[in-house]
Amino acid sequence: MVPQQPFQIGEHVYFATAGAYRAKNVTCPACFGTQKLTLILGDGEHVDFKCDNCEHATMHGRPRGTVVAYGVDSEVNEGDVTGVTLSRFENEKWEVYVGSRIPDRTSISRTREEAEAHRLVLHAVAEKYQKEQEEENYNRGRAKSKRSFSVTYHRNCIAKLEREMQYHRDQLLLAPKKEKP
Ligand SMILES: [Zn+2]
């Protein structure tokens, strides 16, 4: 039995989407979006220079204040229904066009609040998926016994982080400090 047509053409609707490994622009973690960094010289003089952490993000070599990060992202979209047709593959399923997109029927709603609630669910699912993928990638072909693998893995991570922390501490100690005359 064909269910009742869910939406009418011209209706304004909302739908949520989410995905893992999506590229998104985030505020540059070095300059916090200000596009400049300040270097304090040995004699205390402050020198501003262009942030080089986010400058390669553009063709002209100018800093943008943002960098591209990959991770789970989700959003609520809105638009007008431009078409409603029965699926060619599943007779009892309606396909709803919103603009030129065909969102999953269950993700379409008439209120932003409903779509926002659905976005949270999708976001959590995408996060779980990405975490599983990362764990799977890590475990694949490496673990002879899970427990020994875990111990080795965590020990290696701690050792690596400690080395990195020491390196960064050394860098800070070496950096020029302002001296009182
Ligand atoms: Zn920057």
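**A buried cysteine and an open sheet**

Modeller: Let's start with Cys28, which counts as buried because it has 21 C-beta neighbours inside 10 Å. Here, buried means that 20 or more other C-beta atoms, placed from the backbone, lie within 10 Å of a residue's own; exposed means 12 or fewer, and partly exposed is in between. This is a predicted model, where local features need pLDDT of at least 70, side-chain atom pairs count only at pLDDT 80 or more, and totals for chains, interfaces and linings use all residues. Residues are numbered from 1 along each chain as its sequence is written.

Colleague: Thanks! Between which two strands does Cys28 lie?

Modeller: Strands are DSSP runs of E with at least two residues, and helices are runs of H or I with at least four, numbered from the N terminus. Cys28 sits in the loop between strand 1 (12–27) and strand 2 (36–40).

Colleague: How far apart in space are Cys28 and Cys54, C-alpha to C-alpha?

Modeller: Cys54 is among the contacts of Cys28 beyond four places in sequence; a contact has C-beta atoms, placed from the backbone, within 7 Å. The two are 26 residues apart in sequence, and their C-alpha distance is 6.3 Å.

Colleague: What is the strand order of the open sheet of four strands?

Modeller: Two strands pair if DSSP finds at least two bridges between them. The pairing in this open sheet is antiparallel, and the order is 5-4-1-6.

Note on methods:
Contact = placed C-beta atoms within 7 Å.
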